[in-house]
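Please look over the sequence and the structure shown here before reading on. The report is meant to be read with both in view.

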Amino acid sequence: MRRLARWSLVVSTLASCQSSNRAPAIHAGNDCARCGMTIGDLRFACESQDAHGWRQYDSIECLVGDGPRGSVWLADYDTKALAPVESLWVVKGDFPSPMGGGLAAFRDRAAADDVAGRTHGRVGRLAEVARRQEDPS
Ligand SMILES: [Zn+2]
């Protein structure tokens with residue numbers, strides 16, 4: 001019994017360490033920090049952290065427009081699960097997104113390639129896709 005109690009303390013300590021870096025859940029109905037529109041479609045929701053806390057967005061294009069410098073988390077389009085931006089592939093394609101930017105994120109590279117192929121899009125990390133969007137050449 002005592003061993004069980006100690007183990008559960010270890011588990012909860014680990015969980016709380018992890019949660020300090022983890023993006024808080026985004027709830028439909030919150031307002032986008034940039035455009036003020038209601039966050040409705042969680043497949044496109046995302047957030048970034050700055051000195052004042054987490055800022056939540058209805059779309060990746062709003063997040064990019066804000067020029068986030070801190071931690072960035074995007075929703076995986078297929079599962080709506082938030083994940084660090086470094087672990088996601090971003091598609092810029094010809095499909096509807098909340099603010100019309102045609103940006104969506106995928107954990108699975110094959111899924112990203114598939115969507116890009118069907119929407120005349122391209123796949124890259126967010127920094128690459130966002131840079132090319134700002135500076136078309
Ligand atoms: Zn927005």
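The sections that follow take up confidence, the sheet and the nonpolar core in turn.

## Confidence in the model

This is a predicted model, and the mean pLDDT of the protein is 87, with 81% of its residues reaching 70 or more. Over residues 15-19, however, pLDDT stays under 50, and the model has 0 contacts there beyond four places in sequence. Where pLDDT is low, the predicted coordinates should not be read in detail.

## The open sheet

An open sheet is formed by 4 strands, which follow one another in the order β2-β1-β3-β4 with antiparallel pairing. Its edge strands are β2, at residues 53-57, and β4, at residues 82-84, each of which pairs on one side only. On average, and with direction ignored, neighbouring strands of this sheet are turned by 25° against each other.

Strand β1, which covers residues 46-50, pairs with β2 in the antiparallel sense over 5 bridges. D50 has G53, in β2, as its bridge partner.

## The nonpolar core

The largest nonpolar core holds 32 residues, and I60, V90 and A105 are the ones that touch the most other members. At least two residues of this core come from each of α2 (60-65), β3 (72-75), β5 (89-92), β6 (103-106), α3 (109-118) and α4 (126-134). In soluble globular proteins, nonpolar side chains tend to be buried together.

When residues up to four places away in sequence are left out, I60 touches F44, C46, L74, V90, G101, L103 and A105.

Notes. Residues are numbered from 1 along each chain as its sequence is written. This is a predicted model: local features need pLDDT of at least 70, side-chain atom pairs count only at pLDDT 80 or more; totals for chains, interfaces and linings use all residues. pLDDT is the predictor's confidence in each residue, from 0 to 100. Two residues are in contact if their C-beta atoms, placed from the backbone, lie within 7 Å. Two strands pair if DSSP finds at least two bridges between them. Axes are lines fitted to C-alpha atoms, for helices over the stretch in contact, and angles run from 0 to 180 degrees between N-to-C directions. A nonpolar core is a set of buried Ala, Val, Leu, Ile, Met, Phe, Trp, Tyr and Cys residues joined through C-beta atoms within 7 Å. A residue is buried if 20 or more other C-beta atoms lie within 10 Å of its own, exposed if 12 or fewer, and partly exposed in between; C-beta atoms are placed from the backbone.
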